[in-house]
Amino acid sequence: MTHSLGKYADFEGLRERAVALRRAGYSLRQIRDELQVHNKDTLQRLVEGEPPPEWTKRPRAKDDLREKARELRQQGWTYNQIQAELDCSKSSVSLWVRDLPSPERPRPTDTSAAQRGLQRAVENRTVAREELRAQASAEIGPMTPRELFLLGVGLYWSEGAKAKPGTNRRVIFVNSDPSMIEVFLSWLDLLGVEPERRRFSVAIHESADVPGAEAYWAQRLGIDVGDLLKTSLKKHNPKTNRTNTGDTYHGCLRVAVLKSADLHRRVEGWWYGIVGAALATDPKNRT
């Protein structure tokens, strides 16, 4: 039975139980299931003043990656090596370590002038690309809530699930890039979508390291592996020459929002509002 303030007479008794569970390390979702309180406002009032347990807080993964990148750079690692080790973008590596001295390059075994010139040209192009990416990344600067809002609408309309005729509308976002997932979750936070309405599951090839992928995504989300829904496995075709293999392949994460039909309709309206505004400012006025 679902409790509410108006229907449950012994609110103080219920609050005592909720506070005890909170202090024992229970998440809001676990308290909801334990006490069968499904009204979000009531649930928030039951634990008012009680901080959430540490394990429910999202980790500052970027800070950890940055420190590790700097440590590896000081040990003489190249951008490519750091990127492969930490599974992050080269532009991020460049931003994190660009103030550190470059490691000494090993001399090529082939001492011919042509070989040395070719290697220098390759290195120069690599450095130029990395510097350009780092410069472009730094140009973004702080993001306002409105900018995040517009970015999230475009991100969802390009990568999120669309409503098909005869199907139920629901906000679902699937991606293999952890940074895309993090931006999408920040966008949900901005829209006020409660964490308890979000459901996570992994989609991955059956030939991959499924437990490892589940542990990877749970760590990125700051949740227990048991909080993930059942993993969706894609059958392996031996004839397919797959490139998404190895230790850095973790499949995709699927984020579904419960009771999100209205939100899906609003996203659709927001997107067409963006399209209309963009065309109105286009000097060529393609319409």
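**Why these labels? Questions on a predicted model**

Colleague: Why is glutamine 36 called partly exposed?

Modeller: Glutamine 36 has a relative accessible area of 34%, and since buried means under 20% relative accessible area and exposed over 50%, with partly exposed in between (1.4 Å probe, protein chains only), glutamine 36 is therefore partly exposed. This is a predicted model, in which local features need pLDDT of at least 70, side-chain atom pairs count only at pLDDT 80 or more, and totals for chains, interfaces and linings use all residues. Residues are numbered from 1 along each chain as its sequence is written, and side-chain values use heavy atoms, with hydrogens and water left out.

Colleague: Where is glutamine 36 placed?

Modeller: Glutamine 36 belongs to the loop between helix H2 (28-35) and helix H3 (40-46), where helices (H or I, at least four residues) and strands (E, at least two) are DSSP runs, numbered from the N terminus. Although glutamine 36 is not a glycine, its phi is positive, at about 60°.

Colleague: What makes lysine 259 count as exposed?

Modeller: Its relative accessibility is 81%, and because exposed means over 50%, lysine 259 counts as exposed. Lysine 259 sits in the loop between strand E4 (252-257) and helix H11 (261-281), and its phi, near 50°, is a positive value in a residue other than glycine.

Colleague: How much of the chain counts as buried?

Modeller: Of its 287 residues, 33% count as buried.
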